Amino acid sequence: MAMMHNSKDKAGVLLVNLGTPDAPTAPAIRRYLREFLSDTRVVEIPRAVWLPVLYGFILPFRPKKLAHAYASVWSERGSPLLAVSKQQAQQLQTLLGADVPVALGMTYGNPSVASALAELKQKGATRIVVLPLYPQYSGTTTASVFDAIARVLARERHIPELRTINDYHAQPAYIEALAASVRAYRQTHGASEHLLMSFHSIPQRYVNQGDPYDAQCKKTAALLAEALQLKPEEWSISFQSRLGREPWLQPYTDVVLPQYAAKGIKTLDVICPGFSADCLETLEEVAIRYREDFLAAGGEGFRYIPALNADDAHIRMMQSLVQSAL
Ligand SMILES: C=CC1=C(C)c2cc3[nH]c(cc4nc(cc5[nH]c(cc1n2)c(C)c5CCC(=O)O)C(CCC(=O)O)=C4C)c(C)c3C=C
Ligand SMILES: [Fe+2]
Ligand SMILES: [Fe+2]
């Protein structure tokens, strides 16, 4: 009887991340950016203003520029973001066991959220825990995951029960996994003078209108500093990857780096706690470009501490988030 009950009410897990181009080529990047940058949650500008900019200035030029950047981080396993996400899904599947199917979907590009939901349906999941792999909630990311799911389920007669996890920015298991990764890195490589915690920026306007992202990044950073017992002068927070002209969350990573070098900070460790998987924005923007900028400004050592990726502690954190949601 228990088996019959289980087969009627079966849990599944949907892991979601942003998505990445299918190939490091201009046409593939153009397809990806077109979908991503058409999302009204990502770019909150009236369509009559934004679409001419997107189609007239961004899509004709940015993909070519980005193709070089993507090529510099692409591996035999493809885009780092996708390769790491697949590994995370596989390892979470192992921890949860075959009774709880795990599927991976990307908000933009492939594998799509639609394909992941179809996979869970095919495996009989009727109760789905959605874990967007964004530790800090933002309307631009977390809410877009929800939109993508709602669009798919709009075509279904019998929809599954859903439980969405909005954020885990202050979860002890997440903070401890970050702290452990910094400690392990410093044990192997020695400690730098300063730890910079760099988060993806968003437009300041979104925060003014109620997006909790800024506050959650600051909370994560403070908790991580506390876990590492850092003194105030031994760490700071900054925001990277802005696009366009309006003000985004500050201080900007690319602005503070040369300032640190000028202040006499010679060696820097950089961690990006908002990225659950390494990707273009960490491996190319931070670990390659910002490193060059810091060294050019007089810095002597710049070390990027990898994202939690498929770390055991990271996957166990996912397992406990999912189990509490079930
Ligand atoms: C234009 C608006 C953008 C907002 C708002 C934004 C928020 C945001 N993004 C991430 C995570 C990632 N972003 C990545 C790349 C990326 N982001 C934007 C634009 C916005 N992001 C663009 C145009 C791109 C593409 C690359 C580029 O043009 O520089 C990635 C990496 C993807 C990859 O393929 O590796 C991630 C991850 C978060 C967490 C966030 C808000 C909190
Ligand atoms: Fe982004
Ligand atoms: Fe970028």
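**Two annotated residues and a ligand shell**

Glu 281 sits in helix H12, which covers residues 280-296. The model is predicted. An unreviewed UniProt entry lists Glu 281 together with His 200 under "binding site". These two residues are spread over 82 residues of sequence, yet they cluster in space, with a largest C-alpha distance of 8.2 Å.

**Glu 281**
- Glu 281 has 20 other C-beta atoms within 10 Å, so it counts as buried. The cut-off for buried is 20 or more.
- Leaving out residues up to four places away in sequence, Glu 281 touches His 200, Gln 240, Ser 241 and Phe 275.

**His 200**
- His 200 belongs to strand E5, residues 194-200.
- His 200 is buried because 26 other C-beta atoms lie within 10 Å.
- With residues up to four places away in sequence left out, the contacts of His 200 are Gln 240, Ser 241, Gly 274 and Glu 281.
- Gln 240 and Ser 241 touch His 200, and Gln 240 and Ser 241 also touch Glu 281.

**Around ligand 1**
- Ligand 1 is surrounded by 21 residues.
- The closest are Thr 20, Ser 138, His 200, Cys 279 and Leu 280.
- His 200, one of these closest residues, is also one of the two positions UniProt lists for "binding site".
- Domain 1 (2-167 + 312-325) and domain 2 (172-305) each supply at least three residues to the shell around ligand 1.

Note on methods:
Residues numbered from 1 in each chain as written. Chains lettered and ligands numbered in written order. Predicted model: local features only at pLDDT ≥ 70, side-chain atom pairs only at ≥ 80, totals over all residues. UniProt positions renumbered as here; feature names shortened; annotations may be inferred. Helix = DSSP H or I, 4+ residues; strand = E, 2+ residues; numbered from the N terminus. Buried ≥ 20, exposed ≤ 12 C-beta atoms within 10 Å, placed from the backbone. Contact = placed C-beta atoms within 7 Å. Near = placed C-beta within 6 Å. Domains from an automatic or database assignment.
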